[in-house]
Every structure is written in C-alpha cells, then in structure tokens.
Amino acid sequence: GDIIKSKKIDIFIINHINYLDFLISGFMISKISNECIGLYSNYIEKLPLIGRIFKNSSNIALNKKIEDDKENILQHLKNVDNTLICLYPEGTRISSKKIFKSQKYSKENNLHIYDNLLYPKMKGLYTIITELHKQNKLGNIIDCTIKIEGLNIDNTKILDFLKNDLKNTYINVKTYKARYFDNYNDFKRWFIQI
C-alpha cells in the first residue's frame with residue numbers, strides 16, 4: 001500500500017485481530033516513524049512487567065470513555081510534534097461474540113455492518129483530529145488492515161499461533177489526508193467511507 005508520512009502528526013489506525021498483532025503494528029510503525037504515541041486500555045498497566053513499561057512511557061492510557069479520557073488526550077497532544085499516534089478504532093480484539101454484538105448494534109442503529117471488523121469507535125479519534133487541527137499539526141491517517149491466513153476470528157491467543165497452520169500475513173495500507181469536520185456526525189460519515 002501507500003505509506004505517506006507528513007511533516008506533521010500522522011494517525012496510524014489498525015484493526016485489532018489478536019494478542020500478538022502489536023508485533024505487526026510495531027514493525028509497520030518502525031517503517032513510518034522513529035517516534036510513536038500509542039493509545040491503550042489502562043488495564044494493561046496492571047499486567048506484570050508490560051504494565052510498568054506502558055505506565056512509564058509517553059503512550060496514553062485510556063479508560064475507554066471519552067468523558068474520562070478527553071483531558072488526558074488533549075494534554076498529551078500539546079507537547080508533541082512530527083510524531084505518529086497509533087490506535088485501534090475497533091477498540092478491542094475481534095471474536096465471534098464481539099462481531100455478533102457489533103453487528104447487532106449496527107442493525108439497531110441503522111449503521112454500516114461489517115463482516116470482518118467491529119464497528120469502529122470514533123469519539124477519541126475525532127477528539128485527536130479536532131485538537132491537532134486547532135494546533136495546525138494535523139497530518140495524514142495511515143490505515144493499516146491485517147489478515148493472517150490460517151486464523152479465524154476466534155484464534156486470538158498466543159497458543160492459537162502455535163497450534164494452527166499459519167500461512168501468509170497480508171497487510172493493506174492506505175494513506176488519507178486527515179480531515180477536520182465541525183460536526184461529529186459529518187466526521188463519522190467520512191470516516192466510515194474510508
């Protein structure tokens with residue numbers, strides 16, 4: 001695909017397929033930028049060793065409710081330039097149970113229904129884009145979609161990688177000029193199209 005890094009702050013979005021996709025996203029990020037800020041769920045900070053690494057990094061811990069996270073995100077964005085922000089708009093790893101719940105939510109709310117992705121969460125992304133626009137730091141959105149042959153949506157654990165006959169890993173990358181919208185609903189329509 002086309003990885004186009006701007007001279008501003010770019011946003012790297014990726015689908016969250018399993019426990020080890022951070023290895024693939026880390027590889028992709030290393031090809032794009034030397035500096036990256038990741039958004040992650042604060043439960044990771046409770047994990048031994050990994051939690052300490054995340055807690056003492058420049059990454060942003062989230063409560064996963066925009067009302068609780070907005071000020072934290074805004075404070076981080078004031079102090080960064082020419083970096084990459086990485087997030088998983090789906091917010092969680094995919095599974096049969098989660099995709100059923102996502103599709104049910106989409107049907108009930110007359111939203112786009114995805115076969116292989118969860119309906120994305122966009123309020124945090126909108127907050128980031130709005131703030132970067134205000135600071136004249138808004139660059140590109142680099143959209144990365146991963147598919148691993150030999151794994152289904154319920155193969156998310158490390159053991160699944162060891163016991164399944166894995167084949168090719170496909171990574172599709174598209175770069176879009178990030179767009180700011182005054183209205184959140186207009187932003188949602190644009191983001192769903194891409």
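Predicted model: local features only at pLDDT ≥ 70, side-chain atom pairs only at ≥ 80, totals over all residues.
Reader: In what order do the elements run from the N terminus on?

Author: Read them off one by one. The order is β-α-β-α-β-α-β-α-α-β-α-β-α. The radius of gyration is 17 Å, close to the 16 Å that the globule rule gives for 194 residues, so the protein chain is as compact as a globular protein of that length.

Reader: What does the C-alpha trace span along its principal axes?

Author: About 50 × 40 × 35 Å.

Reader: How do I read contacts along the sequence? What share comes from residues 24 or more positions apart?

Author: Look at which residues touch, then at their separation in sequence. Take the contacts in the protein chain with a separation of 6 or more. Residues 24 or more positions apart account for 69% of them.

Reader: Now the surface. How many of the residues count as buried?

Author: A residue is buried when its relative accessible area is under 20%. Of the 194 residues, 44% count as buried. The protein chain exposes about 11600 Å², and carbon and sulfur atoms supply 52% of that area.

Reader: And the charges? How far apart are the mean positions of the positive and negative charges?

Author: Take the mean position of each kind. There are 30 positive and 21 negative charges, and their mean positions are 2 Å apart.

Reader: Let us turn to the strands. Which strands pair with E2?

Author: For each pair, read the sense and the number of bridges. E2 and strand E4 (residues 84-87) pair in the parallel sense over three bridges. Cys36 stands opposite Leu84 there. Three bridges also join E2 to strand E3 (residues 60-62), again in parallel. Here Tyr40 has Ala61 as its bridge partner.

Reader: Is E2 largely enclosed or open, and why?

Author: Count its buried residues. Five of the six residues of E2 (residues 36-41) are buried, so this strand is largely enclosed by the rest of the structure.

Reader: Which way do the residues of E4 point?

Author: Leu84 and Cys86 point one way from E4, while Ile85 and Leu87 point the other way. All four are buried. E4 also pairs with E1 in the parallel sense, over four bridges. In that pairing, Asp10 stands opposite Leu84.

Reader: What joins E1 to E5, and in which sense do they run?

Author: Five bridges join strand E1 (residues 9-14) to E5, and the two run parallel. Ile13 has Asp143 as its bridge partner in E5.

Reader: Which strand is joined to E5 by nine bridges?

Author: That is strand E6 (residues 169-177), and E5 and E6 run antiparallel. Lys147 stands opposite Tyr170 in this pair. Burial goes with E5 too. Nine of the 11 residues of E5 (residues 138-148) are buried, so E5 is largely enclosed by the rest of the structure.

Reader: Can we zoom in on one residue? Where is Leu138 placed?

Author: Leu138 lies in strand E5. Its relative accessible area is 9%. Buried means under 20%, so Leu138 is buried.

Reader: Which residues does Leu138 touch, beyond those up to four places away in sequence?

Author: Among them are Ile9, Ile11, Ile129, Leu132 and Tyr180. Arg179 is another. Leu138 and Arg179 are 41 residues apart in sequence, yet 8.3 Å apart in space, C-alpha to C-alpha.

Note on methods:
Residues numbered from 1 in each chain as written. Heavy atoms only, no water. Rg over C-alpha atoms; globule rule 2.2 N^0.38 Å. Buried < 20%, exposed > 50% of the residue type's maximum accessible area, 1.4 Å probe, protein only. Contact = heavy atoms within 4.5 Å. Areas by Shrake-Rupley, 256 points an atom, 1.4 Å probe, with all protein chains shown as cover. Lys, Arg positive; Asp, Glu negative; His and termini not counted. Charge placed at Lys NZ, Arg CZ, Asp CG, Glu CD. Pairing = 2+ DSSP bridges.
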